[in-house]
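I opened my notebook for a friendly walk through one chain.

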Amino acid sequence: MCSNCGACNAICPKGAISFDYSSMGRMTAVVDSESCIDCGLCRKACPSVDYYHLSNSIEDRFLGNISNVYAGKSLDNKIFENSQSGGVTTQLLCYLFDKHMIDCALVVRMTTGSVPKVSPVIIKDKNELFHTQKSCYTPVDLLSALKETRGYRSVAIVGIPCHVAGIINLQKTSNQFGNITYKLGLICDRTLCAGIMDVFKEHLHSISSDSTDFKIDWRCKKIGNNFCYKDAPVALHNQRGETYIAPREMRLSLKEMFTSPRCRVCFDKLNTHADITVGDPWGMTDIDWEKGETAIISRTSIGQELLENAKNDGYISLQEHDTSEIVNGQGINHRRVSTRLFANALNSLVKTDGIGYLEQQVSDESDYKQQAEILKSFIGTESNNTSKQITAIAFNELKKQEKRKKLVYRIAHRVKRLLKR
């Protein structure tokens with residue numbers, strides 16, 4: 001259940017926690033038992049343990065508080081063309097730097113290598129932001145780097161939902177994290193185990209004799225002078241400036257194979273605890289599907305004020321949209337069903353109800369056929385062993401539910417016939 005956010009490492013007073021990778025690239029916390037003093041601070045900070053019951057602090061844990069929904073983009077052409085979607089996140093950070101509202105930003109960056117490396121980086125100059133654009137999708141203990149931000153007055157952080165929930169927990173646990181003033185959250189469908197990059201490395205070597213270092217562009221919306229945002233492929237860029245496109249079928253199969261079981265039970269796709277949530281505008285109308293735009297959710301007064309000021313000062317464009325567009329486009333109703341199924345299955349697998357995060361996520365009113373269709377999308381795909389087990393258990397439980405339901409219907413029908421007699 002480790003989300004490898006780094007919150008435990010950030011708060012540990014003895015430096016007893018580090019992170020390591022499994023053979024397939026799952027990142028998990030490792031505790032040095034000799035250094036650990038059993039203070040319990042890591043447990044309070046962990047978003048999976050949910051010590052402060054954040055998941056119950058909002059009316060709808062799948063949606064969170066939504067003030068407004070927008071589509072927008074950066075009005076800086078260099079940032080916009082280098083972005084994954086519309087460049088809004090980078091442009092908001094530029095605004096915060098220009099207005100002296102932050103001293104640094106904590107973001108994630110991928111660096112070129114024989115296997116690309118993803119790591120947290122502290123940005124103190126807006127000109128460095130250009131090299132941190134685009135999402136990385138593989139694990140990174142972002143919050144571990146908070147140890148290096150304690151001397152700063154105001155810090156902005158860009159992170160996925162578990163990072164943002166970890167920040168909230170850290171601030172509830174200790175006042176040393178009070179300098180985190182802006183939380184820019186990314187929509188997150190899942191984090192892929194880092195081993196996926198080894199697969200792309202082998203793929204690159206199979207089609208090119210050149211074994212030079214490379215990096216991955218998970219959604220490459222610009223190839224040469226042409227834009228293709230809506231159908232943006234995975235692109236592998238080597239040091240010589242050459243680009244190789246990965247087959248779509250390869251990406252889709254690897255996505256299921258390298259999904260962590262932890263992500264199967266996460267309801268917080270829309271980053272409900274952020275000030276502003278940003279992501280791809282799937283399902284939204286009047287979008288520039290050629291060059292890209294950013295879907296934006298303002299959640300707090302701080303976030304709303306930042307968006308309005310950045311727009312008024314000519315940093316970003318904003319167009320209002322209906323909330324239902326982003327809810328439907330991001331498949332939130334689908335997630336309500338799949339999260340519950342996998343949570344119950346994982347509970348069955350580990351034979352415990354002691355993990356607060358695995359409580360039943362939604363009601364039992366979901367239609368059987370809808371649930372079955374969701375599970376069929378996982379059955380038969382390549383996936384790691386734990387995910388396969390969870391999927392199989394979920395499907396079996398679903399079939400048991402349907403058998404019980406049919407039995408009740410048969411009994412009710414017979415009773416009805418007897419009463420008629």
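Below are my entries, grouped by topic.

**Ground rules.** I am working with a predicted model, in which local features need pLDDT of at least 70 and side-chain atom pairs count only at pLDDT 80 or more, while totals for chains, interfaces and linings use all residues. Residues are numbered from 1 along each chain as its sequence is written, and side-chain values use heavy atoms, with hydrogens and water left out.

**Entry: isoleucine 58.** I found isoleucine 58 in the loop between helix H2 (41-45) and strand S3 (68-74). Helices (H or I, at least four residues) and strands (E, at least two) are DSSP runs, numbered from the N terminus. Leaving aside neighbours within four places in sequence, isoleucine 58 is in contact with Gly64, Thr272 and His273, where contact means heavy atoms within 4.5 Å. Isoleucine 58 and threonine 272 sit 214 residues apart in sequence, yet their C-alpha atoms are 8.7 Å apart in space.

**Entry: salt bridges.** My search of the whole structure gave 14 salt bridges, each being a side-chain nitrogen of Lys or Arg within 4 Å of a carboxyl oxygen of Asp or Glu.

- Aspartate 98 meets lysine 126 at 3.0 Å, N to O. Aspartate 98 is in helix H4 (residues 88-98) and lysine 126 in the loop between strand S5 (117-123) and strand S6 (155-159), so this pair ties together parts 28 residues apart in sequence. Aspartate 98 is partly exposed at 29% relative accessibility, and lysine 126 is partly exposed at 31%.
- Aspartate 313 meets lysine 99 at 3.6 Å, N to O. This pair links distant parts of the chain, 214 residues apart: aspartate 313 is in the loop between helix H9 (301-312) and strand S15 (316-321), and lysine 99 in the loop between H4 and strand S4 (104-111). I have aspartate 313 as partly exposed at 39% and lysine 99 as partly exposed at 40%.
- Aspartate 189 meets arginine 335 at 3.3 Å, N to O. Aspartate 189 lies in the loop between strand S7 (180-186) and helix H6 (195-207) and arginine 335 in helix H11 (residues 332-350), so the pair joins parts 146 residues apart in sequence. Aspartate 189 is partly exposed at 28%, whereas arginine 335 is buried at 9%.

**Entry: a hairpin.** I next looked at S4 and S5, which run antiparallel and are joined by 7 bridges. Strands pair if DSSP finds at least two bridges between them. The two form a hairpin with 5 residues between them, and methionine 110 has valine 118 in S5 as its bridge partner.

Methods
Buried means under 20% relative accessible area, exposed over 50%, partly exposed in between (1.4 Å probe, protein chains only).
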